[in-house]
Every structure is written in structure tokens, then in C-alpha cells.
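Let's take a walk through a protein model together, one region at a time. Have the sequence and the 3D view ready, and look up each residue as we meet it.

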Amino acid sequence: MADATFDMMRLGAFIQALLAAALFGMATPFSKTLLSGLQENQLAGLLYLGAAVFLAPGMLRARRRGAALPAGDRRNQLYLLGAIFFGGIVGPVLLLLGLRFSQAASVSMWLNLETVATAVLAALLFKEHLGKWTWLGTAGVVLSGALLSVQGGRAGVMGILCVGGACIAWGLDNNFTASIDAITPQASTFWKGLVAGTTNLAIGLTFFLWQPGWDWVWALALGGVSYGASIVLYIASAQRLGAAVKCVEHAAAATEKEGVGLAQAQRAAERRLEAHPLLVHEGQQLARPGDGHLGQRLVGLPAGDAVKIVEEFLLLV
């Protein structure tokens, strides 16, 4: 019975994570289309404001619980401002500039450079350790991106430079966000959407020609779905995973009651976690290279503490 319940929870988490990835992946090709009628700052602002609008109801509920803002000390505020500036203002504009020069398919592949930037910046600025396999993986991603840019000629080179700059900006954003105490992914996305979206839209309306039209509506909707709904679905998948972990804990406790030692029950629970598709991923060492033990950190937490597991899982990934 416990096996069937765990498998159903695991399948539900996988479907939600897959749907979140699909919604997020929609942003690049549809943004390419919207650029025909909108300038880069204008489109970036509308996309991020759309995400903020989508997440606003949840943030209002979080505010009532006192969880809408991170800890109010100066260090956390500076990290949040850095995440908003690099991740919400600079990064999206550079990405859209790259879309001007290159095909959406190439840009989607180049976005893998964000993982490289996150890992390298964590090593250089935050003094985190990268293993040899991590360096080998990052080299492979950079090489594949270079090959794609060569095929596109001069426009391809300009495209990868812009997208590479965006990935560096998002790498800084990832490291800043991971350093903020007690901020949820929803809160991070909301504040970036509200502040950075307003800033980029103001720049676009002040310094460039504009005309209201349906493009504005589609851009807001795309931002709400690709950046707002996708993060909600992703968190829901992680929460379902946390519930599955609790199920494993109960099964382990029952096994222990039947005479199997605590160590054996715990090992059984750990094997279930390590086999979970959301935890076993080739890129997990790149996600937060300083840890190097993503599975161990998750397994080391109390299995019933779903909230803590979700926070650790999302910040690491």
C-alpha cells in the first residue's frame, strides 16, 4: 500500500514538474514573435509584470502570515536588490536582444549557459568548490554553445554574446537569491516581477516609441503563464515530493515496528529518495556546486518536515 501511494505521489510530482518546464519553455519562442511589435525593455517589463500579477494573490496570503518578505537586515536587502537588478532588469533585456539576432531554438540551447555561469560565479565569488566532473560538464556546455554560434555567422556571435551576458546576470541572481535568508521562490519571482518589470517598462516607454495594442495583453499573459504559473507548478511538484517523503517515513516506522532495525528502515527510505526522478539529475552537481551532496542534504532532513525539504530542494535547484 505504501509503495503504491509513494509511486502515485512520485508520478504526480513528475507530471507537475514536466508541465512547469513546458510552460517555462514557451517563453523563448513566443517572445521572439512578440519582439516584432515591442522593444526589448517594453517586452521584458510586461513579461515580468505579468508574472507579478499572477503571483499577487498568493503573496497577499503570504503577507497575512508574515512570509512575504525576507529577513529585513541590510545583508538580505542588498542580496535581494542584486537579484532584482541582475535577474529582473539586466538579464531579460540581454536575452531579448539575443533573440533579435538569433533563432529561438539556438537561444533556448544557449540558455544552458546559465548553469555554467551559476557554478563558475559560485566558485569565484562565493568560494565554493567545483569538482572535476563539474568543470568537465561546464566545458561541454560552453563548447556546444560556441558551435551553435559559429553556424549563425556574425548574427550568431552577437546572439550568443547577448545570451551569455544574460546567463551571467542570472548566475549572479541565482547566487544572490540562494544567499537570502527565508525567501520563497514565489516571493523572489514576485518582487523581481514587480520592481524589475516596472523599471524596464518605464525605461521602454520613456526612451522608445510605443503604441498600446494586443501585443501588450499577450506579453502580460505569457509572463503570467511562463514565469508565474510555471514556478507555482514547480513548487507544487516539490511539495508533493515532500508529502511522498513523509509517506516513506511512515512506511519506515512501520517496518521498524515489525522488528527491522532503525538503520535498515532509514536506508530503505534513503534508497527511495535517491531513486526519485526529481532528485536524480545529471546537472544536480551544477545547481549548487558548493554542496556537492544534494541527495545527502535532502535525505539528512527529517523526512516529515516537508516545508524544510521543499525550501532546500528549490534553492539548490
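## A buried threonine

Thr 28 is buried, with a relative accessible area of 7%. You can find Thr 28 in helix H2, which covers residues 27-34. Which residues does Thr 28 touch, not counting those up to four places away in sequence? The answer is Leu 99, Ala 104, Val 107, Ser 108 and Leu 111.

The average pLDDT of the chain is 75, and 70% of the residues score at least 70. Where is confidence highest, and where is it lowest? In the chain, helix H9 (residues 185-207) has the highest confidence, at 92, and helix H12 (residues 284-287) has the lowest, at a mean of 36.

Over residues 268-317, pLDDT stays under 50. The model has 79 contacts beyond four places in sequence for residues 268-317. Be careful when you look at such contacts: where pLDDT is low, the predicted coordinates should not be read in detail.

## The nonpolar cores

Now turn to the largest nonpolar core, which has 30 residues. Which of its residues touch the most other members? They are Leu 43, Leu 95 and Val 163. At least two residues of this core come from each of H2, helix H3 (40-64), H4, helix H5 (104-110), H8 and helix H10 (214-257). H3 gives the largest share of this core, with 7 residues.

Take a closer look at Leu 43. Leaving aside its neighbours within four places in sequence, Leu 43 is in contact with Ser 31, Leu 34, Leu 35, Leu 38, Leu 96 and Ala 219. Another core, of 13 residues, lies apart from the largest one, and its members include Ala 52, Leu 55, Leu 80 and Phe 190.

Helix H3 also holds Leu 46. Is Leu 46 buried or exposed? Leu 46 is buried, because its relative accessible area is 2% and buried means under 20%. Not counting residues up to four places away in sequence, Leu 46 touches Leu 38, Leu 201, Trp 216, Ala 219 and Leu 220. The folded chain also places Leu 46 at 9.9 Å from Leu 194, C-alpha to C-alpha, although the two are 148 residues apart in sequence.

## Rings that pair

How many aromatic pairs does the structure hold? There are 7 aromatic pairs. One of them joins Tyr 79 and Phe 176, with 5.8 Å centre to centre and 35° between the planes, and this pair is tilted. Tyr 79 lies in helix H4 (residues 74-101) and Phe 176 in helix H8 (residues 153-178), so the pair ties together parts that are 97 residues apart in sequence. Another pair is made by Trp 210 and Trp 216: their ring centres are 5.8 Å apart and their planes are at 45°, so this pair is tilted.

| Residue | Relative accessibility | Class |
|---|---|---|
| Tyr 79 | 21% | partly exposed |
| Phe 176 | 17% | buried |
| Trp 210 | 45% | partly exposed |
| Trp 216 | 17% | buried |

Tyr 79 and Phe 176 also belong to one aromatic cluster together with Phe 85 and Phe 86.

## Charged partners

Let's finish with charge. Side chains of opposite charge can pair when their charged atoms come close. How many salt bridges does a search of the whole structure find? The search finds 2 salt bridges.

In one of them, the side chains of Glu 40 and Arg 100 meet at 2.5 Å, N to O. Glu 40 is in helix H3 and Arg 100 in helix H4, so this pair links distant parts of the chain, 60 residues apart. Glu 40 counts as buried at 9% relative accessibility, whereas Arg 100 counts as partly exposed at 41%.

Asp 173 also forms a salt bridge, with Lys 192, and the closest N and O atoms are 2.8 Å apart. Since Asp 173 lies in helix H8 and Lys 192 in helix H9, the pair ties together parts that are 19 residues apart in sequence. Asp 173 and Lys 192 are both buried.

Note on methods:
Residues are numbered from 1 along each chain as its sequence is written. This is a predicted model: local features need pLDDT of at least 70, side-chain atom pairs count only at pLDDT 80 or more; totals for chains, interfaces and linings use all residues. Side-chain values use heavy atoms; hydrogens and water are left out. Rings of Phe, Tyr and Trp (its six-membered ring) pair if their centres lie within 6.5 Å; planes under 30 degrees apart count as stacked, over 60 as edge-to-face and the rest as tilted. Helices (H or I, at least four residues) and strands (E, at least two) are DSSP runs, numbered from the N terminus. Buried means under 20% relative accessible area, exposed over 50%, partly exposed in between (1.4 Å probe, protein chains only). pLDDT is the predictor's confidence in each residue, from 0 to 100. Contact means heavy atoms within 4.5 Å. A nonpolar core is a set of buried Ala, Val, Leu, Ile, Met, Phe, Trp, Tyr and Cys residues joined through side-chain atoms within 4.5 Å. A salt bridge is a side-chain nitrogen of Lys or Arg within 4 Å of a carboxyl oxygen of Asp or Glu.
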